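This briefing sets out selected features of the structure shown below, grouped by topic.

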Amino acid sequence: MRLVIALSVAAALAVFLLYTSFAGGATPSLKPSQLSGHRGKLSVSGYVLGPVAGDPHASGGLRFKLRDIDGPHQSVRVPVVFHGSEPDLFRAGRHVYVVGTYNGASLAATSITTKCPSKYAPAKS
Amino acid sequence: MQDLGRAALALAFGLVVYAAVGGGLGAYTRRRRLVASARNALFASFGATAVAAIVLLNAFRIRDFSFAYVAEHSSKALPFPYVYTAFWGGQEGSLLLWLLVLTGVGSTAVAFNRRLTTEVLTWTVPVLGGVASFFALLLVFVASPFATQVAPADGAGLNPSLQNPYMMIHPPLLYLGYVGLTIPFAFAAGALLSGRFDERWIVATRRWTILAWTALGIGILLGAKWAYEEVGWGGYYAWDPVENAALMPWLAATAYLHSVMVQEKKNMLRVWNATLVTGAFCLSIFGTFLTRSGLINSIHSFAQSPIGAWFLGFIALVATFSTVLIIWRLPLLRARTKLESLASREAAFLYNNLLLVAFTLTVLWGVAFPLLSDAVRGEAVTVGPPYYDFFLKVFGLPLLLLMGIGPLVAWRRTSLGALGETVLGPAVAALAVGLILIALGAGSSTAGLLAYTFSAFALAAIVLEFARGTRARKALGASSWWSAFSGLVARNRRRYGGYVVHAAIVLLAIGVAGSSAYGATKIQRFRPGDSMNIRGYKLTYLNSVERHAANHDELRARIAVTENGKSIGTIMAGKNSYFAEQQTSNEVAIKHDWLRAQDLFVIGDEFKFGKGNTVKSVYLKVLVKPLVNLIWLGGFVFLLGSLITLWPDAREQRRLAARMEPGPVAVTP
């Protein structure tokens, strides 16, 4: 019986590995400073820099820039254009999780999630 | 007052370290007085931690902003109840709550089981003391809630999203769940250390495990309800690492609660159970490590402090300790009986365990994948909802089916003929439901259709079990059908309470399938008088209204709603702007249709202003969520089933007491 259990768990794990490796559901998860050299669909966690301009429902979209939340590369700024529903609690100064397509110069966002503020606290040095 | 708080925490730290070290030494050398004093130290640590908690609560009450923690998480304008729930609004307060619950629950569990498990308890106290020492150490040396500062004029306030009734209950329930899982772990470790790995520790911790599991389950559901109503994106679960951090130990504990019945009944799966209970505990700590370390990208934002490394070290310590302990006691843990048939109740439990553990590992893999891919490929890669949704179907649908089959199968063995005869009724019911749903157009989603059909099967099996039992009791002389039914449940609370929990999971499955596979969404710009039609509803934007509240301004779009031409009222969707926090939150409008368990969900997406700062138009996002209310109804049924299972049963206590009495010594001729 133990052999059955071990084999089943191992088989299940193998399926996970194969699926996550080949099914294409995975996207690179990067900081703004790591975007250089990347193209295509990816997700970025960053800090929203003002001014936040435009209209998410207009053709020009909502426009803002992202920088790293922490670390030494906070001078790197990535322009973001977003069309859709502005997320709850979104504003300059918030941490956001953006999914979209990067063309080497700007990020066309398909979804923005303002990081949930549960137990939110500013980063401590 | 900060000094009193710090002193209380330092005292608590000293007491739990003594409970761990002194208790361990006492257990090893069999010195009763040392063992008793370690136990008393554990009890006293709860008192000391409670003093620290009261000091912090009082600081929130009087808005003493010289407490840095109070200034960071409250403000003068923060309304009454939230000024207290801000206690766990940050990292330091959360850790204090964890220690408070741990010492409280641990002391109570030890006090309640003094007679039942004397030998086991001797080693359980040092294990509990060891776990509590870790949290007390963090609070004293790493993340103290009693840091002082020059008091600012006002505090930063509590984040608007946390100013919600669900957030008053959700975190403490999760902590009760996480901490509660320490109890079975500590008793299992105590049993292994003492060499008394019979079912006593299981009996001693059964209710504590169910309590922790229930708290965790309800906590997860309340978090989902909060996300649904407060975060305003139209969903309730985003497969975020923080959400998964609570789901993983709950799944592991669910597997354990099932497999432990096999150990009690057949004395099998002892290694498996020891591993599962350790795994559930480690997963509760692992989730905290993930979120606190800042290593994983999450939609939740946490302080990125070095505290994550402490958690990683603690997990490594617990995992090593538990592995060594299990390997050391392997001869003691070997099963005395074997699985007789693959078509038996115990085999059904085994399949259930494999699916639950596989799903837990899948979620764990998904959560840890960015770390692993970063280590292997040098690039963090995340897996999103499609990954989790896929595996939810792969493991969840067979689990639904097993939930129906399991209770109908006999212990030891069942012939395939007998099994077929037993499941025939539920299978016919499920087939009929499936065909009706196809005729009604539910075939657009295969997974949704399968979920509905398997749910019907499981629900029919549960009803069949209740009907059979009631009929049997009536035949045995119950005065009425009601007394037969109530007597059946009262005499077998664990079994029938479990079936009620199964019914709750079925409701949950139907709700998730309905709301995710058969929903509708539309976004439109409205000027006064504009309308939108969606799934039989007609929404007409009337105007916008503003209101000034104590700590925020409200802006709402008034929307008249008709359903199939009949007015069903006016709803208000919009935004709140909080002054102290300088943040805006979505305040959604939800129109419940209780009869169909359906919601009309409206988000006031964006307001456009014209001359005189008056609202010219508004973008509304409208969602129809079929059957979503079954998820919340499932929460109530889940709680009911858990309470039935938890309710004390004098007959069971007598049975257990008789079993636990040392029998006559066998004399070999």
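Buried residues make up 40% of the 125 residues in chain A; a residue is buried if 20 or more other C-beta atoms lie within 10 Å of its own, exposed if 12 or fewer, and partly exposed in between, with C-beta atoms placed from the backbone. This is a predicted model, in which local features need pLDDT of at least 70 and side-chain atom pairs count only at pLDDT 80 or more, while totals for chains, interfaces and linings use all residues. Residues are numbered from 1 along each chain as its sequence is written, and chains are lettered from A and ligands numbered from 1 in the order in which they are written.

**Chain A**

- The secondary structure of chain A consists of one helix and six strands; helices (H or I, at least four residues) and strands (E, at least two) are DSSP runs, numbered from the N terminus.
- Along the sequence, these elements follow the pattern α-β-β-β-β-β-β.

**Helix packing in chain B**

- Helix H1 (residues 2–29) and helix H6 (residues 118–142) of chain B pack at an angle of about 150°, with axes 7 Å apart; axes are lines fitted to C-alpha atoms, for helices over the stretch in contact, and angles run from 0 to 180 degrees between N-to-C directions.
- H1(B) and H6(B) are therefore roughly antiparallel (over 145 degrees; under 35 is roughly parallel, 65 to 115 roughly perpendicular and the rest oblique).
- H1(B) passes H6(B) in a left-handed crossing, meaning that the near helix is turned anticlockwise from the far one by less than a right angle.
- The residues of the contact of H1(B) with H6(B) comprise 18 nonpolar, six polar and no charged; Ala, Val, Leu, Ile, Met, Phe, Trp, Tyr, Cys and Pro count as nonpolar, Asp, Glu, Lys and Arg as charged, and the others, Gly among them, as polar.
- Helix H9 (residues 200–231) and helix H10 (residues 241–266) of chain B pack at about 150°, with axes 10 Å apart, and are therefore roughly antiparallel.
- H9(B) and H10(B) cross in a left-handed manner.

**Helix H16 of chain B**

- H16(B) has a kink of about 45° at B:Leu424, shortly before the proline B:Pro426; the bend at a residue is the angle between axes fitted to the seven residues ending there and the seven starting there.
- Buried residues in H16(B) are B:Val423, B:Pro426, B:Ala430 and B:Val433.

**B:Leu476**

- B:Leu476 lies in the loop between helix H17 (446–475) and helix H18 (481–491) of chain B.
- B:Leu476 counts as exposed because it has 9 C-beta neighbours inside 10 Å.
- The C-alpha atoms of B:Leu476 and B:Arg651 are separated by 19 Å, the two residues being 175 residues apart along the chain.
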